[in-house]
Amino acid sequence: DYTGKLKLRLDPTGPALAAWAEVLRTLHATMGVNEAGVVEDTDSEFLHDYRVAVRRTRSVLGQAKGVVPPSLLARFREEFRWLGTVTTPVRDLDVYLLSFPEFEAQLHGDLVPELAPLRPFLERRQLAAHTEMVEALRSGRHESLRRDWAAFLDDPFGHPATVDAADELPHARRPARDVARERTWKAYRVLVKQGRTITEASPAEALHELRKDAKKFRYALECFGNMFPAELVAPIVKELKALQDNLGAHQDYEVQAVSLETFGDELLAEGGAGARTLMALGALVEHLREGQLAARAEFAERFARFDAEENRQRVQVLFGPPPQEPTA
């Protein structure tokens with residue numbers, strides 16, 4: 001009965017704080033369901049789903065100004081950022097181990113055996129990173145986060161921080177759909193504005209930042225899109241996903257190329273790699289760099305499709321501000 005997909009029924013006319021709390025409760029439950037598998041390292045998908053829930057939580061909190069009490073917002077945004085940070089090394093190493101067959105497939109036959117020392121190296125690193133992650137998940141800091149977060153989500157309107165900050169929450173009791181529409185529209189506008197500034201001369205970091213903007217818009221659609229007509233939201237998600245796939249591939253190629261170069265240096269320092277292993281790693285890095293260039297070459301077309309007039313009209317109809325009444 002488990003799924004990592006969000007299945008929400010939010011009341012579009014109810015108060016925004018109630019909708020935000022319902023989304024965050026669902027994400028908190030997802031983290032709880034996956035935590036045992038994360039700690040036990042049962043399967044890498046447990047950590048993947050756990051981290052997606054953490055990222056969605058951070059994004060929803062990023063859209064919660066004036067909805068969630070500012071004292072709690074500041075604290076929990078920092079705490080969930082920490083939670084994302086402590087789980088990143090394990091996930092990265094999981095991905096490298098899962099990608100190992102692909103790495104081998106990219107090499108010429110005589111170099112495939114030379115890649116063998118990399119696997120136990122990655123397994124040792126993953127085990128060490130997992131041990132550190134479990135210590136963080138069993139720490140007093142994490143226990144305090146889990147306890148205090150649950151206390152707020154159980155009674156968001158009656159929580160002392162909400163009562164004390166009533167004058168600082170102008171959007172908490174506004175209709176949820178109105179607040180979600182405004183926040184989603186803002187996320188979209190930031191994404192489009194930044195995307196239009198990217199040229200062939202833009203650094204790779206510009207695409208990485210755009211990927212973050214795309215995630216914020218995607219999470220807004222996933223978390224609050226159920227308050228809007230599904231048949232109108234779906235085409236927007238389709239075009240957005242194609243753009244995200246391109247940006248994700250560009251970023252992954254870059255990160256993996258840099259990491260493999262680092263792994264080669266560390267293997268050499270440990271005495272675990274000879275010249276042929278370094279040659280195999282070098283061939284992989286070259287392949288990854290070529291993939292990054294190909295993704296970069298495809299970006300303009302992918303973004304143009306997302307930013308096409310038809311898609312802009314869909315977003316405008318759903319989330320844009322209402323047209324101004326003509327003045328007399």
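What percentage of the 328 residues of the chain count as buried? The share that counts as buried is 46%. Please keep in mind that this is a predicted model. The secondary structure comes to twelve helices and zero strands, and the salt bridges number 24. Here is a friendly tour, starting with the fold and moving on to individual residues.

**Overall layout**

- Along the sequence, the chain reads α-α-α-α-α-α-α-α-α-α-α-α.
- Taken along the principal axes, the C-alpha atoms fill a box of roughly 75 × 50 × 35 Å.
- If you take the contacts between residues at least 6 apart in sequence, 81% of them join residues at least 24 apart.
- For a sense of distance inside the model, the C-alpha atoms of valine 86 and asparagine 311 are separated by 37 Å, and these two residues are 225 places apart along the chain.

**Helix 1 against helix 6**

- Two packed helices are described by the angle between their axes and the distance between the axes.
- For helix 1 and helix 6, the axes come within 10 Å and cross at roughly 145 degrees.
- The crossing of helix 1 past helix 6 is left-handed.
- On the helix 1 side, the contact is made by Leu17, Ala21, Leu24, Arg25, His28 and Glu35.
- Helix 6 brings His142, Arg146, Trp149, Ala150, Phe152 and Leu153 to the contact.
- Sorted by class, the contact between these helices has seven nonpolar, two polar and three charged residues.

**Salt bridges**

- Side chains of opposite charge can pair when their charged atoms come close.
- Within helix 1 (residues 16–40), arginine 25 forms a salt bridge with glutamate 22, and the closest N and O atoms are 3.1 Å apart.
- Arginine 25 and glutamate 22 are about one helical turn from each other because they are three residues apart in helix 1.
- Both partners are partly exposed: arginine 25 has a relative accessible area of 30%, and glutamate 22 has 29%.
- Another salt bridge joins the side chains of glutamate 79 and arginine 141, at 2.8 Å from N to O.
- Glutamate 79 sits in helix 3 (residues 70–98) and arginine 141 in helix 6 (residues 140–154), so this pair ties together parts that are 62 residues apart in sequence.
- Glutamate 79 counts as buried at 11% relative accessibility, whereas arginine 141 is partly exposed at 36%.
- Glutamate 239 and arginine 305 also meet through their side chains in a salt bridge, here at 3.8 Å from N to O.
- That pair links distant parts of the chain, 66 residues apart, with glutamate 239 in helix 10 (residues 230–270) and arginine 305 in helix 11 (residues 275–306).
- Glutamate 239 is buried at 15% relative accessibility, while arginine 305 is partly exposed at 47%.
- Arg124, Arg125, Glu266 and Glu270 are linked in a network of salt bridges.

**Asparagine 311**

- Asparagine 311 belongs to helix 12 (residues 309–319).
- Is asparagine 311 buried or exposed? Asparagine 311 counts as buried, because its relative accessibility is 1% and the cut-off for buried is under 20%.
- Not counting residues up to four places away in sequence, asparagine 311 touches Pro235, Ile236, Glu239, Arg305 and Phe306.
- Glu239 and Arg305, both among those neighbours, are also partners in a salt bridge.
- The side chain of asparagine 311 also makes a polar contact with the side chain of arginine 314, at 2.9 Å.

**From helix 1 to helix 2**

- Where is aspartate 41 placed? Aspartate 41 lies in the loop between helix 1 and helix 2.
- Most residues other than glycine have a negative phi.
- Aspartate 41, however, has a positive phi near 55 degrees.
- Aspartate 41 is partly exposed, with a relative accessible area of 34%.
- Serine 44 is found in helix 2 (residues 44–62) and counts as buried at 16% relative accessibility.
- Setting aside neighbours within four places in sequence, serine 44 is in contact with Arg91, Asp94 and Leu98.

Key:
Residues are numbered from 1 along each chain as its sequence is written. This is a predicted model: local features need pLDDT of at least 70, side-chain atom pairs count only at pLDDT 80 or more; totals for chains, interfaces and linings use all residues. Side-chain values use heavy atoms; hydrogens and water are left out. A salt bridge is a side-chain nitrogen of Lys or Arg within 4 Å of a carboxyl oxygen of Asp or Glu. Helices (H or I, at least four residues) and strands (E, at least two) are DSSP runs, numbered from the N terminus. Buried means under 20% relative accessible area, exposed over 50%, partly exposed in between (1.4 Å probe, protein chains only). Contact means heavy atoms within 4.5 Å. A polar contact is a pair of N or O atoms within 3.5 Å; within protein, one must be able to donate a hydrogen and the other to accept it, and residues adjacent in sequence count only if both atoms are side-chain atoms. Axes are lines fitted to C-alpha atoms, for helices over the stretch in contact, and angles run from 0 to 180 degrees between N-to-C directions. A crossing is left-handed if the near helix is turned anticlockwise from the far one by less than a right angle, and right-handed if clockwise. Ala, Val, Leu, Ile, Met, Phe, Trp, Tyr, Cys and Pro count as nonpolar, Asp, Glu, Lys and Arg as charged, and the others, Gly among them, as polar.
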